[in-house]
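Student: I am new to this structure. Please take one part and go through it closely with me.

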Amino acid sequence: MNMQRIEKEEAILLSLAKLDYLSRSQLQRMHNLKSDRNANHFLKSMSDYLCSFRDGENVYYLSAAGRERVGCEKVRKRTMQADHFLLRNQVYLAYGRPSTWKNEIKIEANGVCVVADAVFKQNSLFHFVEIDITQKMGENARKIARYRKLYAIKPFKLVFATTTEYRRKRLLKLCSGLDAAVYIREELK
C-alpha cells in the first residue's frame, strides 16, 4: 500500500473520529475522493475500518478496528439520530471546516447552562451551533432564552440549521435581537 493512500485513509478515519457520522458525499467533499464511483470504491476498500448504513446515501462511522487505528474511544452505532449529526456536519463544511470546531459543548456562565450541538471561533467571535430537526418549538424557545442570557454577558453568533422554511421563520422570530443565522438543509449542500 502506498504512503499517499495510507495518509488518505488516516485522514478519513480522523474525520469520522471527530464528526461521528459522515455521508459519502461529505467524505468525498472533505477528502477529494473525486467521482461518486471512485468515492464508493475507496470507502468500500476501507470496510475493515468502517461501518455504514443507507440513509439516502451511505453513511459511515468507525468500526472497532477503525477506532483502534486512530485511538478513538467513542463508540458509535447505527442510529435514528444520524440525520442530526449529518446536518451538524453540513454546517461544519459550510463554515470552511473551522479548526476550533468542537461538538456537544457545555457553556456555563452566571448560573446559565446551555449544551450547544457545536462551538467554534471565527474572527474572534464564538459561534454556537444548534441543529433543529424534530425539536419542539417550545424547547427551542427555552434554549434560545438561555442563549439570550449568555448573550447579555458576552456577544456571540448563534447558528441554527433546520429542515423547512416554516421552521426557519419561527426560529428567526425567536432569535430576534440576537446575532443569529438560520439555514435550511438545502442551503448547506
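This is a predicted model: local features need pLDDT of at least 70, side-chain atom pairs count only at pLDDT 80 or more; totals for chains, interfaces and linings use all residues.

Tutor: Residues are numbered from 1 along each chain as its sequence is written, and side-chain values use heavy atoms, leaving out hydrogens and water.

Lys149 and Ala152 are exposed on that other side of helix 6. Exposed means over 50% relative accessible area, buried under 20%, and partly exposed in between, with a 1.4 Å probe and protein chains only. Helices are DSSP runs of H or I with at least four residues, strands are E runs of at least two, and both are numbered from the N terminus.

Helix 6 spans residues 137–153, 17 residues in total. From first C-alpha to last it reaches 25 Å, close to the 24 Å expected at 1.5 Å a residue. That expected span is 1.5 Å times one less than the number of residues.

Now the buried residues: Met137, Asn140, Lys143, Ile144, Tyr147 and Leu150. They lie on the same side of helix 6 because they cover an arc of only 125 degrees around the axis. The arc is taken from the directions from the helix axis to the C-beta atoms.

What covers these buried residues? The cover includes strand 4 (102–109), strand 5 (112–122), strand 6 (125–131), strand 7 (157–162) and helix 7 (165–174). Contact here means heavy atoms within 4.5 Å.

Glu139 also lies in helix 6. Glu139 is partly exposed, at 27% relative accessible area. Glu139 and Trp101 are 38 residues apart in sequence and 24 Å apart in space, C-alpha to C-alpha.
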